[in-house]
Amino acid sequence: MIVLGYNGFTRGAELFGRLYGATGVGRNLLVGHDAAAALTIDGEVVAAVEEEQLSRVKKTSDFPANAIKWCLDSAGVELDDVDVFAFPWRFSPTVAEEMMSQITGSDMSVAAKFDSLRRTGELYTGMLSREAVYGDFVQRTGHALDPNKLVLVPHHLAHLMCGAYLAGGGDAAFLVSDGRAETLSSVMGELRDGVVRLFDESAVGMASSLGVAYGRITRYLGFVPNNDEYKVMGLAAYGPPPQHNPLLEHVVRLHENGSYTLSIPSDTGAYYALFDSLFDGDSEKREEFDFRVRVAGLAQHMVEAVTAHQMRSLTAASGMDTLLFEGGLALNCVANTKMLERSSFTGMEVSFGASDPGVAIGAAVYTAGLRNRPKEAVTTPYLGPSYDQQQILDVLGEYADRVVWQEEPDVSSAAERTAGLLAEKNVVGWFQGRAEFGPRALGNRSILANPAFPDIKDIINIRVKHREPFRPFAPVVLESEAPRVFEMGKKTSSPYMTFVFPVRKEYRERIPGACHVDGTARVQTVDERQNPALAELLRAFTARTDVPCLLNTSFNVAGEPIVCSPRDALECFLATEIDHLVIDRFVVTKKS
């Protein structure tokens with residue numbers, strides 16, 4: 001059985017921009033962001049790529065025409081060969097009725113209700129309804145799709161199925177929390193014997209979305225909501241834990257069933273005024289680093305308190321040992337670690353597709369039928385495009401007036417050469433194999449450096465990434481070495497940078513470039529089966545330097561998607577102060 005999952009709407013940016021003002025700093029506040037496609041054949045995910053990787057438009061919500069074509073071409077499959085097309089949103093007539101009821105039952109004025117109904121109606125008929133989704137697919141692909149082959153999957157169920165599949169498909173309790181699904185923002189329950197049971201009483205509506213609340217604080221601090229929340233998380237570490245939190249005192253109400261209510265107005269001016277009153281802020285203070293640190297700490301503390309409340313309810317209602325956490329909130333790796341360590345769960349999984357790119361995988365997996373994967377199966381995030389030697393040489397030839405290169409004879413030789421470069425204060429672009437899927441660079445499209453140099457973070461932030469100097473970087477380490485360097489707690493591995501761990505005291509001075517200001521690090525562990533080239537490099541680097549890890553950040557500059565092709569890599573290499581580029585076995589240096 002062949003299933004194609006995809007996420008994205010042709011008219012998403014246009015309709016949300018015109019009807020709801022989702023432009024400028026609010027451009028990502030729409031349905032369908034992180035457009036992507038994924039292909040499953042006989043229950044196995046064989047290809048997946050985000051549309052932004054190919055279109056080069058960051059966080060695009062457009063119909064993923066390029067991603068669909070690449071997934072099919074990579075597997076030698078035609079549209080006619082696909083049995084089912086799975087879409088991770090189900091705005092059914094019942095959901096539409098509920099949306100209208102929420103508007104008519106609100107405390108808005110009559111005129112405001114009519115205006116809201118008008119906008120919602122145009123959005124539904126022009127984009128969200130089954131008829132609109134079907135028409136969008138036919139128009140963009142030119143394929144005469146059998147309507148019976150289109151399956152609409154509820155958004156939170158797609159999130160859950162992505163995490164369940166990548167975790168192996170076994171029994172687990174689950175929490176899904178993000179900005180919004182069809183009408184809810186958070187659900188919890190159990191997955192037992194392949195059957196999903198929702199704890200309906202613990203569901204949280206969109207009006208109380210924790211993800212949206214965090215996004216509004218992100219915007220209040222001068223960043224882009226639904227894009228820069230990780231900056232707020234990083235800033236929070238620069239201050240002490242808050243002694244009291246006005247957000248918990250005035251905005252959050254926790255309920256006994258594990259749900260909660262957040263009281264933050266939706267109008268931008270109104271929530272700016274609320275935050276100014278709560279934080280004693282104004283337009284000038286919002287530009288101050290110390291003020292931003294304090295507010296970021298309060299926002300992070302709010303997330304941790306609310307998710308801890310959900311954990312208490314979930315553990316009381318479920319006897320499972322393992323927790324699956326998916327949705328955009330699951331990218332908050334600081335909160336993830338505290339959720340696990342403070343709960344009775346012995347294990348917790350957060351996938352590389354936890355945010356909205358993953359719903360393309362989840363919709364396909366759900367439609368294909370979730371099945372337990374063999375224990376020996378390797379779960380891999382490396383599902384995107386790869387390029388052969390001739391393709392790489394062809395592109396290098398186009399840049400021959402600006403770069404020179406040397407081909408190493410084998411993988412081991414390339415690793416040794418790269419380890420020698422990294423032993424010095426060099427920044428290396430590392431491009432290997434298939435592109436990784438999801439928001440994090442996991443060692444195939446990465447920028448690497450030696451974390452032993454205290455100023456290496458500043459060098460990369462300012463000279464390469466062109467971003468704020470407070471931003472931390474992640475260490476990548478062999479899984480076998482990780483417990484020696486980091487306090488891993490209940491975790492034995494962290495392959496997707498979804499957890500944060502304290503750096504052991506004896507290593508903090510040895511790898512200062514990989515330590516955040518609070519002595520923690522967002523760790524990526526690597527083993528031989530999942531990424532043999534990166535594992536080889538880590539072994540060679542450690543043998544040469546006695547430094548047990550490398551600094552790893554995404555191969556891009558601020559505001560651009562992670563590089564995908566050799567051409568993308570060369571353009572980024574030449575536009576920044578990256579010292580060397582390693583593409584497959586080719587070590588590339590700038591002529592000047």
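Start by selecting histidine 466, in the loop between helix 17 (456-465) and strand 17 (474-478); helices (H or I, at least four residues) and strands (E, at least two) are DSSP runs numbered from the N terminus. This is a predicted model, in which local features need pLDDT of at least 70, side-chain atom pairs count only at pLDDT 80 or more, and totals for chains, interfaces and linings use all residues. Residues are numbered from 1 along each chain as its sequence is written, and side-chain values use heavy atoms, leaving out hydrogens and water.

Is histidine 466 buried or partly exposed? It is partly exposed, at a relative accessible area of 46%; buried means under 20%, exposed over 50%, and partly exposed in between (1.4 Å probe, protein chains only). Check the backbone too: phi of histidine 466 is near 55 degrees, a positive value in a residue other than glycine. Most residues other than glycine have a negative phi.

Next, pick methionine 497, which has a positive phi of about 60 degrees. Its loop runs between helix 18 (482-485) and strand 18 (500-502). Methionine 497 is buried, with a relative accessible area of 1%.

Now move to the open sheet, where five strands follow the order 3-2-1-4-5 with mixed pairing; two strands pair if DSSP finds at least two bridges between them. At the edges, strand 3 (44-50) and strand 5 (150-152) each pair on one side only. Further in, show strand 1 (residues 2-7) and strand 4 (residues 84-87), paired in the parallel sense over three bridges. Zoom in on glycine 5 to find its bridge partner in strand 4, alanine 86.
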